[in-house]
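Let's take a walk through this protein and look at how its charged side chains pair up. Have the sequence and the 3D view ready.

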Amino acid sequence: MIAEEPREDVRPLPFLVYGTLRPGEVNHDLFLRGRTLAEEPGHLTGAVLYDGPGYPYAVEESGETVRGELVTARPEAYGELLAALDRLEEYVPGDPRNLYERAARDVVRAAGGTVRAWVYLAAPGIAARLRGTGTRITGGDWISRR
């Protein structure tokens, strides 16, 4: 008997984007234009933002907050957007070479309340290196780093 690989959860969740996918950043229009129903401010508590080579990494760590946009995809575009963002973030379920891991986390809406959303977090090996030698982005806001 061949063991089945665990199936990945692909519920149609919104995404918390905190770097190059935010409005005004290089990947926003390339990936999100025409594919979203709503974009609103949101933040992830229990995470720290680190500077990367042209893009940030969120690393789970208590006491901090990562700020971004909560993006809700159009239902007809969800599958295509999920696949496109996984490629952009170089995420393949179960691949030890991942730069990021896509994880469902509770995200706080600026308007109040929380929602479960996909967040691309630094993969474990990268997170460990960043904790040791990375440069934190003060305030957890990629856009305000400039």
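A residue counts as exposed when its relative accessible area is over 50%, as buried when that value is under 20%, and as partly exposed in between. Keep in mind that this is a predicted model. With that cut-off, Arg 33 is exposed, because its relative accessibility is 61%. Arg 33 forms a salt bridge with Asp 29, and their closest N and O atoms are 3.0 Å apart. Asp 29 itself is partly exposed, at 39%.

That pair is one example of a general idea: side chains of opposite charge can pair when their charged atoms come close. In this structure there are twelve salt bridges. Take Glu 69 and Arg 22, whose closest N and O atoms sit 3.4 Å apart.

Next, find Arg 109, which forms a salt bridge with Glu 40 at 3.1 Å between the closest N and O atoms. Arg 109 belongs to strand β4 and Glu 40 to strand β2, so the pair links parts 69 residues apart in sequence. Elsewhere, salt bridges with shared partners join Glu 61, Glu 64, Arg 131 and Arg 136 into one network.

Finally, go to helix α2, where Asp 86 lies. Asp 86 is buried, at 11%, and its side chain makes a polar contact of 2.6 Å with that of Tyr 120.

How values were computed: Residues numbered from 1 in each chain as written. Predicted model: local features only at pLDDT ≥ 70, side-chain atom pairs only at ≥ 80, totals over all residues. Heavy atoms only, no water. Helix = DSSP H or I, 4+ residues; strand = E, 2+ residues; numbered from the N terminus. Buried < 20%, exposed > 50% of the residue type's maximum accessible area, 1.4 Å probe, protein only. Polar contact = N/O pair within 3.5 Å; in protein donor to acceptor, adjacent residues only side chain to side chain. Salt bridge = Lys/Arg side-chain N within 4 Å of Asp/Glu carboxyl O.
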